[in-house]
Amino acid sequence: MNIFRLAGDLSHLAAIIVLLLKIWKTRSCAGISGKSQILFALVFTTRYLDLFTNFISPYNTVMKMIYLGCAYATVYLIYMKFKATYDGNHDTFRAEFLVVPVGGLAFLVNHEFSPLEILWTFSIYLESVAILPQLFMISKTGEAETITTHYLFALGMYRALYLINWIWRYYFENFFDLIAIVAGCVQTILYCDFFYLYITKVLQGKKLSLPA
C-alpha cells in the first residue's frame, strides 16, 4: 500500500468520524442530508459483499467493517435516534435520479458481467455522485455549519488522494482501472466549488454558503 492510498483512507475515516461526532455531541443531525448517507450506506453494502469470501489483509477487512458499521450507524442516528432534528424539508434531492441511471450504467459498463462485479461497479459509480443530495441541501438552506464543512472537505480530500493513488499505481505497479479513475474524477470535480469556498471562507472564519 502506498502513502497516498493510506492518506486517502485516513481522510475518509476522519470524515466519517467527524460526522458521527457532530451528530452525537450536538444531539442533532440538522444540516446533514439523510439521503446522501443512505446512498453511502448503499455504496459500502454493494462494494463489500465479498467481506467474508475474499480475504485480502487484516487492514482491508477491518476498514471494510468500520465503513459499513459507521455508515449504518449514521443512518440510524439520522432517521431514528435524532429523527426530530432531521431537516427533511430541505433534503429533497430525488435520489432515485442517481440510483437508477447508475444501476443501468453498471450493467452496461463493467469489467465482468457477474453479480459481484456489477454491484462493485455500481458502488463505484454511485459513490461519485452520492454527495449531491448533501450539496443540494446546503444550496437550499444557503449555509452549512463549520463542522459539516470539515466533514465535506475531508471526504473530498479522500477522493483527491485516491486519484493520486491511481496515478502512482499506474506508474509504479502498471495497474490501471479506468472505471475507478473516471468515477473518481467525476467525484472530485463535484467538490471543486466546495473546495474553493472552504479555503476562501471557512478557513478564514466565515460561514460557508453555496450559490442557490
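Contact is defined here as heavy atoms within 4.5 Å, and buried as under 20% relative accessible area, with exposed over 50% and partly exposed in between (1.4 Å probe, protein chains only). The structure is a predicted model, in which local features need pLDDT of at least 70, side-chain atom pairs count only at pLDDT 80 or more, and totals for chains, interfaces and linings use all residues. Residues are numbered from 1 along each chain as its sequence is written, and side-chain values use heavy atoms, with hydrogens and water left out.

Helices are DSSP runs (H or I, at least four residues), numbered from the N terminus. Helix α8 comprises residues 178-200. Its buried residues, among them Ile179, Tyr191 and Phe195, pack against α5 (115-129) and α7 (146-173). A bend of about 40° occurs in α8 at Cys192, the bend being the angle between axes fitted to the seven residues ending there and the seven starting there.

A salt bridge requires a side-chain nitrogen of Lys or Arg within 4 Å of a carboxyl oxygen of Asp or Glu; by this rule, seven are counted. One of them joins Glu127 to Arg47, with the closest N and O atoms 2.8 Å apart. Glu127 lies in helix α5 and Arg47 in helix α2 (residues 34-47), so this pair ties together parts 80 residues apart in sequence. Glu127 is buried, at 2% relative accessible area, and Arg47 is buried at 12%. A network of salt bridges links Arg47, Glu127 and Arg159.

Within helix α7, Arg169 and Glu173 are four residues apart, about one helical turn, and their side chains form a salt bridge (3.0 Å, N to O). Arg169 counts as buried at 19% relative accessibility, whereas Glu173 is partly exposed at 44%.

Technical notes:
Helices (H or I, at least four residues) and strands (E, at least two) are DSSP runs, numbered from the N terminus. The expected span of a helix is 1.5 Å times one less than its number of residues.
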